[in-house]
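Dear colleague,

Please find below the structure that I am handing over to you.

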Amino acid sequence: MESIKIRNRRKPKTAKIRCPQAPLAENFLSDFALGGCLIVEMPAKSDAQLLRRYAEEKSEPAFGEIVHRHADLVYSAARRQVGSPDLAGEIAQSVFIDLARKARSLAGSLREDASLAGWLFRATRYAALNLMRQERRRHARERQVMQDLHSISESAPDWNSVAPLLDEAISALDEQERDALLLRYFKNQDFRAVGAALGVSDDTAQKRVARSLEKLRATLQRRGVTTSTTALSAALASHAVQAAPAGLAAAWISASLADAAIKGGATFTLLKLMSMTKFQLGLGAIIVGGLTATVAIEHQSTSQMRGENQALRLQLAGLAADNGSLSNRLREASPARPVAGDQLRELLRLRGEVGMLREKTNLLARLQEENRRLQPSLETAKNQEVEAAQFFEHRQDIINASKQIGLAFRIFANDNNRFPTNFAECSNELAHVTNFTGNVPLDGFEMVNVGKVNDTYPQAAEAREQTPRLSPLGGWERVYILGDGSVQTAHSSDGNFEAWEQTNYVNAFPAPSQ
């Protein structure tokens with residue numbers, strides 16, 4: 001009989017077993033097997049094959065295998081370039097995300113046996129360069145903010161000196177630069193909104209504002225006000241726009257519409273003006289009804305309207321003056337307090353630390369979630385490993401008990417010139433043992449070929465396990481005790497051992513030659 005032993009159990013996916021066409025069995029009393037198995041290493045799938053499988057089937061195990069293969073390469077390359085473990089982890093994650101996003105197009109351009117090492121190395125290089133470029137820009141912006149705060153505190157211009165000259169200096173700018181300056185500082189719009197209003201890009205809008213500030217600074221310097229563009233920008237942002245007194249906007253609307261109506265001189269316009277008082281409403285109805293109003297009535301109505309408008313304007317002007325006085329007092333009582341440079345530096349530092357902590361917290365949450373997701377699989381694998389170990393240990397106990405039974409059969413046959421027909425006949429040879437080591441009971445076996453096995457057919461089966469056992473590796477097993485005292489383990493894929501028994505029972509052996 002042939003003995004099958006799989007040596008490479010740690011990598012079951014990379015081993016292919018080829019055996020001659022013979023019953024699967026195991027001889028445990030002989031040191032040599034008549035047959036044998038050939039264990040051939042089957043090459044693992046290439047990176048291109050795994051990537052193509054992921055692209056076509058969305059196979060997460062295939063993509064996971066790629067990540068496990070090249071994780072050290074990507075992480076090491078990223079860390080050499082950025083020097084930070086945290087940043088290297090971010091780069092590696094972005095590289096594999098990019099690989100998953102481009103899997104379909106990339107898989108179609110690779111050879112069947114191609115490796116992704118070169119592509120991943122280049123992608124890591126590009127990602128590291130982009131990250132370092134962003135970090136340099138961020139540090140430069142922070143330094144510029146610090147410098148701007150320092151320069152503003154030292155060279156902030158006196159607004160009382162700038163205000164009388166500001167409008168004249170703005171009028172001297174060309175139209176494009178003036179519009180950009182007004183939208184940025186007098187309408188408080190960002191560069192994107194300024195660019196959209198002027199029909200240009202954000203960068204172009206920023207450049208126009210910068211040129212207008214520089215020209216404005218030069219004009220003020222010629223008039224005796226010395227400052228920097230940064231300080232002038234801060235001054236414009238703080239003082240250029242003052243809130244109009246409440247209620248004036250409604251008055252301006254009414255006055256503007258009334259003045260436009262008076263200058264029109266048409267009958268339709270006259271009706272709109274007259275609608276402001278009950279008297280004019282009645283007069284307008286008379287004019288519309290009969291169209292008989294005279295020029296004298298029109299002149300008289302216009303004079304009355306002008307008088308009323310003038311009185312309203314005087315009242316609103318008084319209210320505006322009072323409101324402006326109160327606003328100035330309130331501004332003087334609670335002046336704005338700019339943030340000190342040290343406070344802003346501390347704020348920026350804390351903001352950076354909060355961002356790093358947020359990233360680490362998110363990473364920790366992702367790892368914990370992944371751990372929770374993999375925990376059931378790990379527990380299942382552990383249980384399967386324990387179950388397999390227990391199965392193999394129990395199998396060995398059964399084989400050892402079978403050897404003792406086979407030896408007892410041989411001793412009985414030598415003493416009595418025949419084989420036993422039941423276990424009770426050889427109880428003395430078994431030393432009256434009914435339960436073997438490993439809790440293997442004697443009644444777990446049954447006699448076969450009773451009265452037929454003799455020295456003429458020493459290879460015929462004489463006893464077997466009553467119940468086959470399901471292997472955790474797949475298939476079924478059953479231990480047989482042969483007439484020569486040896487033990488064999490037969491294997492079956494479906495638990496049916498008739499084919500094996502037909503070749504190992506007495507009827508399967510040729511008759512002895514006379």
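Helices (H or I, at least four residues) and strands (E, at least two) are DSSP runs, numbered from the N terminus. Glycine 438, for instance, is found in the loop between strand S3 (435–436) and strand S4 (440–441).

Please note that this is a predicted model, in which local features need pLDDT of at least 70 and side-chain atom pairs count only at pLDDT 80 or more, while totals for chains, interfaces and linings use all residues. Residues are numbered from 1 along each chain as its sequence is written, and side-chain values use heavy atoms, with hydrogens and water left out.

The chain as a whole

The secondary structure of the protein chain comes to 16 helices and 9 strands. Of its 514 residues, 29% count as buried; buried means under 20% relative accessible area, exposed over 50%, and partly exposed in between (1.4 Å probe, protein chains only). The protein chain exposes about 33,000 Å², of which carbon and sulfur atoms supply 54%. Such areas come from the Shrake-Rupley method with a 1.4 Å probe, and for residues only the protein chains shown count as cover. Among contacts in the protein chain with a separation of 6 or more, 55% are accounted for by residues 24 or more positions apart, where contact means heavy atoms within 4.5 Å.

The nonpolar cores

In soluble globular proteins, nonpolar side chains tend to be buried together. A nonpolar core is here a set of buried Ala, Val, Leu, Ile, Met, Phe, Trp, Tyr and Cys residues joined through side-chain atoms within 4.5 Å. The largest such core has 29 residues, and Leu51, Ile91, Leu99, Leu116 and Leu120 touch the most other members. At least two residues of this core come from each of helix H1 (47–57), helix H2 (60–82), helix H3 (85–101), helix H4 (103–109) and helix H5 (117–155). Leucine 120 is in contact with His70, Val74, Val95, Phe96 and Leu99, leaving aside its neighbours within four places in sequence. A second, separate core of 22 residues includes Val162, Leu220, Val225 and Ala240.

Helices H7 and H9

Two packed helices are described by the angle between their axes and the distance between the axes. Helix H7 (residues 175–186) packs against helix H9 (residues 202–222) at an angle of about 100°, and their axes are 8 Å apart. The axes are lines fitted to C-alpha atoms, for helices over the stretch in contact, and angles run from 0 to 180 degrees between N-to-C directions. H7 is therefore roughly perpendicular to H9, as angles under 35 degrees count as roughly parallel, over 145 as roughly antiparallel, 65 to 115 as roughly perpendicular and the rest as oblique.

On the H7 side, the contact is made by Gln176, Glu177, Ala180, Leu181, Arg184 and Tyr185; on the H9 side, by Arg208, Val209, Arg211, Ser212, Leu213, Lys215 and Leu216. These residues divide into 6 nonpolar, 2 polar and 5 charged. For this count, Ala, Val, Leu, Ile, Met, Phe, Trp, Tyr, Cys and Pro are nonpolar, Asp, Glu, Lys and Arg are charged, and the others, Gly among them, are polar.

Residues in the loops

The loop between H7 and helix H8 (191–198) holds aspartate 190, and asparagine 188 also lies between H7 and H8. Aspartate 190 is partly exposed at 46% relative accessibility, whereas asparagine 188 counts as exposed at 56%. Phi of asparagine 188 is near 55°, a positive value in a residue other than glycine. Aspartate 190 lies 12 residues from aspartate 202 in sequence and 9.0 Å from it in space, C-alpha to C-alpha.

Threonine 227 lies in the loop between H9 and helix H10 (229–239) and is buried, with a relative accessible area of 9%. Its C-alpha atom is separated by 6.9 Å from that of arginine 217, 10 residues away along the chain.

Returning to glycine 438, this residue is partly exposed, with a relative accessible area of 33%. Glycine 438 and histidine 394 are 44 residues apart in sequence and 6.8 Å apart in space, C-alpha to C-alpha.

Yours sincerely
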